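Subject: Structure for your review

Dear colleague,

Please find below the structure that I am handing over to you. My findings follow directly after it.

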Amino acid sequence: MQRPILIIALGWLAGIAANSFYSFSWGWSAAGLLITGATGGIWFYLRRKGLFLCLFFSSLLAGMTQMAWVDQRNVSHIPTPSTKKPVFAKLTGEVAEPPKVDGDRGTLMVQVSRLHIQGTNKPVFVPGERVPLSIRLMSPEDQERLDRLRRGIRLGVEAELYRPDPARNPGGFDDRRYLYQLGIHWRGTVSSIKDISILEVPPPSWDDVMDVLRLRLGSTLDAVYPAETAGLMRGMLLGERWEVPWTVEADFIRLGLVHLLAISGLHVGVFAGCLYFVLTRVGVTREKTALIIIFALPFYAVLTGAGAPVIRSVIMASLALTAVILRRWKDTLSFWGAALWGMLCWNPYQAFQPGFQLSFVVTLALLVGVGPVSRCLPFSMPGVNQLLAVPLVAQAASFPLLVYHFHEISLLSWFLNLWVVPAVSLLVIPLGLAALGLGLIHPALGWLPAGISHFLLKGILFVTSAVGKWKGPQLHSAPPSLGWMVAYGAILVYIAVSLAKRVPRSGVHRWISLILLSVWILGLWIPFPGRKELQITFLDVGQGDSAVIETPSGQVILIDGGGSLSFGEESWERRRKPREVGEDVVVPFLKARGIQRIDWLVMTHGDADHIGGLKAVAEQLPVSRVIRNPHPTRTSLERELMDRLRRSGSTVFTAPLGIRWTLEPGVSWQFLHPGPLQHGRLDQTNNDSVVFLLTAYGYRVMMTGDIEEKGEKTMLRHWDLPAVDVLKVAHHGSATSTSEGWLDAIRPRMAVVSVGRNNRFGHPAPEVIRRLRDRDITVLRTDRNGAVTVRMQPGKIAVESMLP
């Protein structure tokens, strides 16, 4: 009871979490709060007991009330059309954020005040709803025009509005939920910068001043640093993460170092420490220095984007410095609770953001655990013990959240954080701040600190680039259950209590708790005997093909990897991170399923929309065996992929036709096409597709690649094909495939079409859909249903899709 703010904050957080699982109306929650508060207050007044429980449950109900109240009002004021199709509208509003330019795409956040939907009689007034607009840029001049827009400018925009997508693949990003928590309910696309007209330019505001200052600081860093590290320094010092090269960010994500690229408590601490060092060295008293830093920290937070970790750090640091000024005892746990409570009161949706969760969980663990852990380490120097304890505690606390949100962990993360974080915090960032400050006076003055920090960064990037290519240290895991995470937290508390010697025979409890933690973590990767079930997931990869088969014994078969057709583009059109189906869809799905390796990779044929995404798969996961057609490679893309697979140790097979292979008891497959190359013809890639029949527990699935009617007739002549339960429709539903004779021969009960939304080929062809429906075949399409999952057990087959 010495920390009531901490109790209130934890109860408030529990109430927000409870309301997300069991939604209550704010009225019932408020009534419960009044009853609990009154009952607890009377009980404490009469018995002098129960204050802890009264505070906790009252704040829990207060958190539930707030969450219900906010959630009830988080609705769109833009009229919802009767159709689910996009709507065309003329928007009037203000620029809410500085625009971002990324190659041939621009993003503009508009705070809408008026909207006129095409086909309606009059405009609708909207009370300040924000809508992010994606703009197609046709030239460098378009980039410059978009860059010139600033906050507050009043615009008229012709745009196509649509609802954000939910997750379309298991383990995929849920854009709709993410934007909902930001109070955004619509997205928009603008076909040309010419569809944006400036209506009014207001005088500069405080936000404009900060934007201009941030731009000036970024330009200074570009001037004093070489191009290869300037973007990285802008990310570390100014929070401009979009300036960091994607290859660097990908390595940092893979190795557990990505927190260095986001402005966090580490950066705030270094900034405050550097400012304290400079002010005290020029003779400013400690109390005045603390007061100056208190006023400087909010300015730094706003300048760097005001992310959740920054706000948390600024609140805690300001409270600690206030305690220094007042010469009062500093209770860091109460400061932590005050930051948590204040930020949740401001916006309860922050509780569901990974950055918010990691910041508060890791900070709490460091406050509680570093002391006991460092005292248990064997080295004689306390500083060394504490240096080792910090990353150890941080890794243990962040582990469940990293696995839950990002589905992977690096075994080298602790070692890399052990030396990279001190190097960055003690050398790179202070030198960067010095280079920035001196560079503002004149770029030549910043060359020395910039040169030293550039040399250090080059060394760090060399190591992360080399280590990032290793596949072995990366472990993937399906998201753990809530029960698993609660038990993990309880084990950490048990370890903390035993290390702090708060229980009898603490040494015995220490060993028991550590063994329990090890077993609990290993349980994520140790397969437990379960029911016999084969799962096939047809991924939504746009206009392409990719499917994953997971057998009951844990074998993984990947059929194709999607991809996209590439067209020549100029340098100004290149985006920081081009959309890459393998990197954006296939690999995240494999990681979310906890898949560590690919046992069989089936490359149906060499078209880019089937194998383009396999490069990312081959880079990040080991592939044991590859099955392809017996024909020579046709394209440079296919040759490069085959060379990469062979270099990484994959064995390449061409499956003999007709032989039924047993993968494991109850599961087998049989390859039906293609045969040897005939007459030296190399002009037909679709009819080179590998076709196989998968059988599991008496159910059959026909996988067809891009086979066309000619190939279908060839198979019908050579094989007596049985009826199948699931047909993967060939060639995305093209009119040249899925012929009448083919359907009459295999008689599928269900058909899955892998096809992209609004594709330029018109797939699936209406006549193909008509042939399927005339035979009462259930049709699922990835463009409308998202990923489709088929589960087969002895005596049972079930199908589900990500979207209705």
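Which residues are buried in helix 19? They are V581, G582, V585, V586, V587, F589, L590, K591 and A592. Buried here means under 20% relative accessible area, with exposed meaning over 50% and partly exposed in between, for a 1.4 Å probe and protein chains only.

Before going further, please note that this is a predicted model, in which local features need pLDDT of at least 70 and side-chain atom pairs count only at pLDDT 80 or more, while totals for chains, interfaces and linings use all residues. Residues are numbered from 1 along each chain as its sequence is written, and side-chain values use heavy atoms, with hydrogens and water left out.

The chain as a whole

The secondary structure consists of 26 helices and 24 strands. Helices (H or I, at least four residues) and strands (E, at least two) are DSSP runs, numbered from the N terminus. The C-alpha trace spans about 90 × 70 × 60 Å along its principal axes. A compact globule of 804 residues would have a radius of gyration near 28 Å, and the chain agrees with this at 30 Å. That radius is taken over C-alpha atoms, and the globule rule is 2.2 Å times the number of residues to the power 0.38. Of the 804 residues, 48% are buried. Among contacts with a separation of 6 or more, 71% are between residues 24 or more positions apart; a contact means heavy atoms within 4.5 Å.

Helix 19

Helix 19 covers residues 581-592. Its 12 residues reach 16 Å from the first C-alpha to the last, close to the 16 Å expected at 1.5 Å a residue; the expected span is 1.5 Å times one less than the number of residues. Because 9 of the 12 residues are buried, helix 19 is largely enclosed by the rest of the structure. Just after the helix, G594 adopts a positive phi of about 75°.

Nonpolar cores

In soluble globular proteins, nonpolar side chains tend to be buried together. A nonpolar core is a set of buried Ala, Val, Leu, Ile, Met, Phe, Trp, Tyr and Cys residues joined through side-chain atoms within 4.5 Å. The largest one has 33 residues, and those with the most contacts inside it are Y225, L232, M236, F252, L257, L260 and V424. At least two residues of this core come from each of helix 6 (206-224), helix 7 (227-238), helix 8 (246-254), helix 15 (413-441) and helix 16 (447-468). Helix 15 supplies the largest share, 8 residues. Beyond its neighbours within four places in sequence, L232 is in contact with V244, P245, V248, L261, L457 and L461. A second, separate core of 30 residues includes L534, I557, L694 and Y699.

How many residues of strand 13 are buried? In strand 13 (residues 598-602), 5 of the 5 residues are buried. Two strands pair if DSSP finds at least two bridges between them. Strand 13 pairs in the parallel sense with strand 12 (residues 556-559) over 3 bridges, and L558 stands opposite L601. Strand 13 also pairs in the parallel sense with strand 14 (residues 623-627), over 4 bridges; there, V623 is the bridge partner of I598.

The contacts listed below leave out residues up to four places away in sequence.

- G733 lies in the loop between strand 20 (726-728) and helix 24 (740-746). G733 is buried, with a relative accessible area of 0%, and touches V753, P764, A765 and V768.
- Q143 sits in helix 4 (residues 140-147). Q143 is buried at a relative accessible area of 16% and touches V101, G103, L137 and W572.
- N785 belongs to helix 26 (residues 782-785) and is buried, with a relative accessible area of 12%. N785 touches L780, S801, M802, L803 and P804, and its side chain reaches the backbone oxygen of P804 at 3.3 Å. A polar contact is a pair of N or O atoms within 3.5 Å; within protein, one must be able to donate a hydrogen and the other to accept it, and residues adjacent in sequence count only if both atoms are side-chain atoms.

Yours sincerely
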